[in-house]
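Keep the viewer open as you read.

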Amino acid sequence: GGFAVPLAKTEVSYEDEDTILVGTDFGPGSMTNSGYARTARRWRRGQPLEEAELVFEGEAGDVSAHQWRDYNRRGFVYDWRARSVSFFERVYEVRPISPQAAEGFQQLPVPRRCSVHSFADQLVLELEEDFAPPGGASFVSGSVVAAPLAAFLAGEATEWRTLFEPNTNRSVSEVIRTRDGLVLQVLDAVKPQLVVYLYSKDGKWTQAVGQETTEIASVSVKAVDGLGCNHVWLWKQTMLQPATLYVAEVGGGPLELKELKSTARKFNPEGLEASQRWARSKDGTLVPYFLVSHTGEARARPTILYGYGGFGVSLTPRYMSTKGVAWLSKGGAYAIANIRGGGEFGPMWHRNATGEGRHLSFEDFAAVAEDLVATGVTTAGQLGAVGGSNGGLLVGNMLVQYPRLFAAIACDAPLLDMKRYTQLLAGASWIAEYGDPSNATDWEWLRNYSPYHNVDEEVEYPAVLFKTSSADDRVHPGHARKMTERLLVENPASANDTWFFEATEGGHASPTLRQRAFGEALKYRFFGRYLGLDVDGPAS
């Protein structure tokens with residue numbers, strides 16, 4: 001028999017073929033205040049779940065706690081534990097299993113803001129803050145570094161190797177392990193690169209041929225068999241060309257991509273072009289954005305601007321399947337803003353816009369909106385904004401702080417009441433991103449960007465569509481419900497142009513396909529109505 005877990009937020013990892021380490025809802029005390037697993041238990045095949053042995057336990061105030069086994073390269077096996085003490089901070093413990101087993105777990109003396117990997121006998125760190133290990137070396141935030149794990153744990157003088165050092169334009173988005181090395185997915189001014197390192201049997205890191213491009217594209221890499229070969233799957237897509245799957249072997253000469261399959265084209269890209277532009281934010285920072293517009297006649301068009309700007313999430317140019325069918329092919333333009341709060345330029349691009357600095361995300365997005373108008377792409381009367389989840393907080397602030405920049409705003413699964421967000425569902429896990437409203441100092445800045453608390457009955461707001469789901473287990477639908485009610489009751493001037501839709505299935509960002517199709521159609525019909533585009537007509 002297999003392993004069946006009741007519906008709950010769950011983490012699993014195989015310890016061996018008949019045993020898994022599981023974190024799930026075991027009843028009172030087994031989940032953190034944020035709603036994630038607080039314990040890890042050893043569950044053997046055929047054993048009732050309630051009899052699984054407790055092997056690790058975090059604190060109730062942690063975001064989550066995990067334990068997993070890592071069958072690594074060249075015979076190395078490790079057991080790992082991690083307590084996520086905040087959304088971005090983790091405390092790691094490790095116990096070597098093979099080739100030489102240790103008696104117990106040992107805490108890893110590394111910064112809390114980093115991602116930890118291992119490769120054979122090596123410890124590999126993706127740093128999200130500066131790090132000065134014993135021995136005099138120092139590494140800046142955003143670096144990827146490696147050193148012998150056993151020597152580091154023993155406190156011995158350790159030789160560290162820098163595998164990646166960031167600059168103002170370059171950052172690492174992911175580290176992928178193959179049989180003989182690492183593939184680093186890198187963004188250079190939000191354009192994809194691959195950096196490849198091989199690890200020799202005598203313990204040396206050597207850089208191999210990777211891949212660079214100036215193309216406006218997204219590239220995603222996964223190992224075919226990280227323990228057995230050096231081949232990787234590589235998906236590549238542009239805003240106008242659908243994803244193509246390739247396979248390639250890394251670590252030899254130049255990367256040779258063998259095309260396997262492409263997804264179907266959803267719309268005709270003829271007459272459309274993608275470009276990268278830059279806007280200057282209020283404090284002088286240059287903020288990039290991607291734009292898909294029409295070639296030929298230069299005229300202002302109905303335009304939608306999308307943003308997220310949070311949790312270090314990078315927005316790369318992906319195929320615009322639904323957007324192409326429902327908006328671009330009808331004559332509209334579409335822009336994606338790479339604002340602060342994201343991860344496009346490394347950890348500080350994100351961290352500068354957390355907490356008290358959150359206003360920088362909003363100022364960046366407003367700057368892109370102003371640039372779209374100033375360069376003739378659109379007009380304020382033809383410009384819409386869209387964002388979901390944390391992006392819902394973003395466009396919620398566009399609604400209440402920058403109402404004259406937009407004619408319509410679609411606000412999906414949003415956070416809008418920043419006074420009570422920590423009391424709803426997973427909200428407590430986001431304190432490291434936004435701040436703690438129960439702290440008077442934090443509330444001073446949270447109050448300034450809590451859309452629910454900044455509705456002004458004297459202001460005529462743009463048309464707005466709030467979308468949420470009754471089944472959202474991450475952002476409570478109450479945010480959208482109460483914001484809609486406040487606008488309808490306290491802002492009569494905007495009441496006729498305030499819309500609300502609540503799905504009844506799915507989850508935070510994953511409604512059923514049927515409801516997703518309905519929601520997308522609803523959104524583009526809304527934008528068509530208020531931005532002046534006939535979305536029901538033929539392709540332009």
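A bit of housekeeping comes before the tour. This is a predicted model, in which local features need pLDDT of at least 70 and side-chain atom pairs count only at pLDDT 80 or more, while totals for chains, interfaces and linings use all residues. Residues are numbered from 1 along each chain as its sequence is written, and side-chain values use heavy atoms, with hydrogens and water left out.

Start with the eight-stranded sheet. Its strands run in the order β21-β22-β24-β23-β25-β26-β27-β28, the sheet is open and the pairing is mixed. The edges belong to β21 (272-280) and β28; each has a single partner strand, so one side of each lacks a neighbour in the sheet. On average, neighbouring strands here are turned by 20° against each other, direction ignored. As for the terms, helices (H or I, at least four residues) and strands (E, at least two) are DSSP runs, numbered from the N terminus, and two strands pair if DSSP finds at least two bridges between them. Strands of a sheet pair through backbone hydrogen bonds, either parallel or antiparallel. For β27 and β28 the sense is parallel, over six bridges.

Helix α8 lies across β27 and β28, running at about 160° to β28. Helix α10 (residues 513-531) lies across β23 (303-306), β24 (333-337), β25 (383-388), β26 (408-412), β27 and β28, and runs at about 160° to β26. The axes behind these angles are lines fitted to C-alpha atoms, for helices over the stretch in contact, and angles run from 0 to 180 degrees between N-to-C directions. Contact here means heavy atoms within 4.5 Å.

Buried means under 20% relative accessible area, exposed means over 50%, and partly exposed is in between (1.4 Å probe, protein chains only). The C-alpha atom of Val489 is separated by 9.2 Å from that of Glu457, 32 residues apart along the chain.

Step off the end of α8 and you reach Asn491, in the loop between α8 (478-490) and α9 (492-495). Is Asn491 buried or exposed? Its relative accessibility is 0%, so Asn491 counts as buried. The side chain of Asn491 reaches the backbone oxygen of Asp456 at 2.8 Å. Leaving out residues up to four places away in sequence, Asn491 touches Asp456, Glu457, Glu458, Val459, Tyr461 and Arg486.

Back up the chain there is a four-stranded sheet. It is open, ordered β17-β18-β19-β20, with antiparallel pairing. The edge strands are β17 (218-223) and β20 (258-262); each has a single partner strand, so one side of each is left without a neighbour in the sheet. Neighbouring strands of this sheet are turned by 25° against each other on average, direction ignored. Six antiparallel bridges join β17 to strand β18 (residues 231-237), and Ser220 stands opposite Trp235 in β18.

The peptide bond from Ser98 to Pro99 is cis, with omega near 10°, and Pro99 is in the loop between β7 (90-98) and β8 (106-107). Arg74, which is not a glycine, has a positive phi near 60°; its loop joins β5 (64-71) and β6 (77-84). Ala189 has a positive phi too, of about 55°, although it is not a glycine, and it lies in the loop between β14 (181-188) and β15 (191-199). Arg74 is partly exposed because its relative accessible area is 34%, whereas Ala189, at 13%, is buried.

Note on methods. A polar contact is a pair of N or O atoms within 3.5 Å; within protein, one must be able to donate a hydrogen and the other to accept it, and residues adjacent in sequence count only if both atoms are side-chain atoms.
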